[in-house]
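My notes are below, in the order I made them.

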Amino acid sequence: MSDKKKYIITSITLGAIAASSGLLIGVTNLVTKDQIAKNEENKINNGIKEIFDQNTVKVEGFDLSEAGITGDYKYVEYLYEVKDENDNELGCAFVTSGSNNYGKISLIIGFDAAEKAFLNLSVVVNEQTYATTLVDNYINPLNNGKRDVDDVKCGATYGAKLVRDMIDEAEAAVEEFYK
């Protein structure tokens, strides 16, 4: 009979630990979810300002379908229209996400409104194994105009290929958006 008592006490103890852990995770999520969303929004807004190299007054976000983009896109998730203080359209920025065997990456890819041309990238999330190599040898030179999008040999070639594919897909989406 003492073995049954021991099993019951062990089960109750483990159940109480599991319940209190779940409650703690739930409360933590409740307390932090708004701040996490706000931090992500700030990171996107700062990335857009970095891409357009000026203070933008307002960025307005759209789901792709709301923006009239109906194509089937693997990486492009969201569109932002970017305007200056006089409400003139500067361009648009796409939030993209993708992953490969080396990790996840999420980017903001900016395009000029007048020429529909690629401007720059801003990294939102970079969990690639060779993250610093990718940024130092591909993304930064690409942003500085010292590297072609298709030149992906950089020491983090698979990450660069993923970024190139994301840019190519965003270019297709920008053509659809501005048609």
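**Ground rules**

I am working with a predicted model, where local features need pLDDT of at least 70, side-chain atom pairs count only at pLDDT 80 or more, and totals for chains, interfaces and linings use all residues. Residues are numbered from 1 along each chain as its sequence is written, and side-chain values use heavy atoms, with hydrogens and water left out.

I take helices (H or I, at least four residues) and strands (E, at least two) as DSSP runs, numbered from the N terminus. I call a residue buried under 20% relative accessible area, exposed over 50%, and partly exposed in between (1.4 Å probe, protein chains only).

**Entry 1: helix α1**

I started with α1, which covers residues 2-52.

Where does α1 bend? I found a bend of about 45° at Thr32. The bend is the angle between axes fitted to the seven residues ending at a position and the seven starting there.

Next I looked up which residues of α1 are buried. They are Ile44, Gly47, Ile48, Ile51 and Phe52.

I then looked for nonpolar surface. Leu23, Val27, Leu30 and Val31 make a nonpolar patch of about 410 Å². Patch members need over 30% relative accessible area and no salt bridge; like charges are joined within 9 Å, and nonpolar side chains (Val, Leu, Ile, Met, Phe, Trp, Tyr) within 5 Å. The areas come from the Shrake-Rupley method with a 1.4 Å probe, and for residues only the protein chains shown count as cover. Leu23 sits in α1 and is exposed, at 58% relative accessible area.

Asp53 follows α1 and has a positive phi, near 55°.

Is β4 mostly buried or exposed? Eight of the ten residues of β4 (residues 103-112) are buried, so the strand is largely enclosed by the rest of the structure.

I checked its partners. Two strands pair if DSSP finds at least two bridges between them. β3 (residues 89-100) pairs with β4 in the antiparallel sense over ten bridges. Val95 has Ile108 of β4 as its bridge partner. The two strands form a hairpin with two residues between them.

On to β5 (residues 118-126), which pairs with β4 in the antiparallel sense over six bridges. Ile109 stands opposite Leu121 of β5. Ile105 has Asn126 of β5 as its bridge partner. This hairpin has five residues between its strands.

Lys116 lies in the loop between β4 and β5. Its phi is positive, about 55°, although Lys116 is not a glycine. Lys116 is partly exposed, at 30%.

**Entry 2: salt bridges**

How many salt bridges does a search of the whole structure find? The search finds three. A salt bridge here is a side-chain nitrogen of Lys or Arg within 4 Å of a carboxyl oxygen of Asp or Glu.

- Lys83 pairs with Asp87, with the closest N and O atoms 3.9 Å apart. Lys83 is partly exposed at 22%, whereas Asp87 is exposed at 54%.
- Arg147 pairs with Asp151, with the closest N and O atoms 3.1 Å apart. Arg147 is buried at 18%, and Asp151 is partly exposed at 38%.
- Arg164 pairs with Asp165, with the closest N and O atoms 3.3 Å apart. Asp165 is partly exposed at 29%.

I went back to Asp87 for its backbone. Asp87 lies in the loop between β2 (76-83) and β3. Its phi is near 65°, a positive value in a residue other than glycine.

**Entry 3: a contact across the chain**

Last, I looked up Ala172 in helix α3 (residues 157-177). Ala172 is partly exposed, at 38% relative accessibility. Ala172 and Tyr73 are 99 residues apart along the chain, and their C-alpha atoms are separated by 9.1 Å.
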